[in-house]
Structures are given as C-alpha cells and as structure tokens.
Amino acid sequence: MPPRIRREPPARRDARIRKHTTQARDYWSKWPAHMDDGDLCQAGEKGWGTVAQLTKAVATLRGWEHYDHVAIQEVITALAEESPAQIDVIYDGLSAAEQLHGNFYEVYMTPYRAASALEKVRPLLEILWSLLPDQYTGGESFAEWVEQA
C-alpha cells in the first residue's frame, strides 16, 4: 500500500524538508561522541533518528504522511519497491536502524553490534539523501554534507 498523502503549501513543505535535513545532520554528527563515551543507547538512537529524519524529508517532498513509526516504514517500503536494485540495501539499513532504536529501550547491544548497525545504516542514508533535490543537498553526498557540520 502506498503511503498516505499529505497536502500542504510549497513554502511549508520546503521549511519542513529543511528542518528534517538539519535535524538529520545534527543527529548523525553526535553519534560518534556517544560511542566514545560508551553511551550505546544514545549513539544508536542518533542513528535511528537520522534515518527517521531523512525519511521524513523524502516523504515531505513527495507529499506523503510520515508522523509515526508505521508511516516511516511505509515510506521506506514504497521507496524500496521503486528501487528493486537497491531493495536489499534499503531493507538492511532499515533493519539496522530499527535495531538501534530498539537498543534505546532494551540496551542489549555490544559496542561492536552498535558500530556495525551504524555502518549498515550509512548506505540507506546515502540513498535517502540522493532522493532529495540539489536545493537541499547542495549536490553533495550525505557523507560530504555531514562533514561540514
């Protein structure tokens, strides 16, 4: 089932995409310090939050609802179905992000597992980032953009 549609004026849509991308950069830039401090809960939650924020940016661009966990999954599922060549990377990244989110509540990951999951999230972030127009990305990859933070 495709994501639910959300109608809003272009200026509001633009502002929300910028808000989501800014929040994504903020989250992604903070996880390494949390890992260094041994705070795997916060490191993982920043990984999940980055995926959620970029998913929300893409959903906003397309006029899709994205206000809860299920809606985020629906958006990622729709994107995966649009990109059969990347479907495994997309779902692997989503699975890793959901594990990181779950670790926030259950605290079960080792540092190795958390770092591994964060690495598996990266390709999904690059895919989500590539779906945004240059006016939001500056024509840079996600990795290049985050380095400027």
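## Glu-74 in helix H3

Glu-74 lies in helix H3, which spans residues 69-82; helices here are DSSP runs of H or I with at least four residues, numbered from the N terminus. The model is a predicted one, in which local features need pLDDT of at least 70, side-chain atom pairs count only at pLDDT 80 or more, and totals for chains, interfaces and linings use all residues. Residues are numbered from 1 along each chain as its sequence is written, and side-chain values use heavy atoms, with hydrogens and water left out.

With a relative accessible area of 18%, Glu-74 is buried (buried means under 20% relative accessible area, exposed over 50% and partly exposed in between, with a 1.4 Å probe and protein chains only). When residues up to four places away in sequence are not counted, Glu-74 touches Pro-3 and Arg-4, a contact being heavy atoms within 4.5 Å.

## Packing of H2 against H3

The axes of H2 and H3 are 10 Å apart and the two helices pack at an angle of about 70°. Each axis is a line fitted to C-alpha atoms over the stretch in contact, and angles run from 0 to 180 degrees between N-to-C directions. H2 is therefore roughly perpendicular to H3 (the class covers 65 to 115 degrees; under 35 counts as roughly parallel, over 145 as roughly antiparallel and the rest as oblique). The crossing of H2 past H3 is left-handed, meaning that the near helix is turned anticlockwise from the far one by less than a right angle.

On the H2 side, the residues that meet H3 are Trp-48, Val-51, Ala-52, Thr-55, Lys-56, Val-58, Ala-59 and Arg-62. Their partners in H3 are His-69, Ile-72, Val-75, Ile-76, Leu-79 and Glu-82. By type, the residues of this contact divide into 9 nonpolar, 2 polar and 3 charged (Ala, Val, Leu, Ile, Met, Phe, Trp, Tyr, Cys and Pro count as nonpolar, Asp, Glu, Lys and Arg as charged, and the others, Gly among them, as polar).

## Gly-47 in helix H2

Gly-47 belongs to helix H2, residues 40-62, and counts as buried at 0% relative accessibility. Leaving out residues up to four places away in sequence, Gly-47 touches Trp-28, Leu-100, Leu-118 and Val-121. His-66 is 19 residues from Gly-47 along the chain, and their C-alpha atoms are separated by 18 Å.

## His-34 in helix H1

His-34 is part of helix H1, residues 10-36, and is buried, with a relative accessible area of 19%. Apart from neighbours within four places in sequence, His-34 is in contact with Asp-39, Gln-42, Ala-43 and Lys-46. Arg-13 is 21 residues from His-34 in sequence and 32 Å from it in space, C-alpha to C-alpha.
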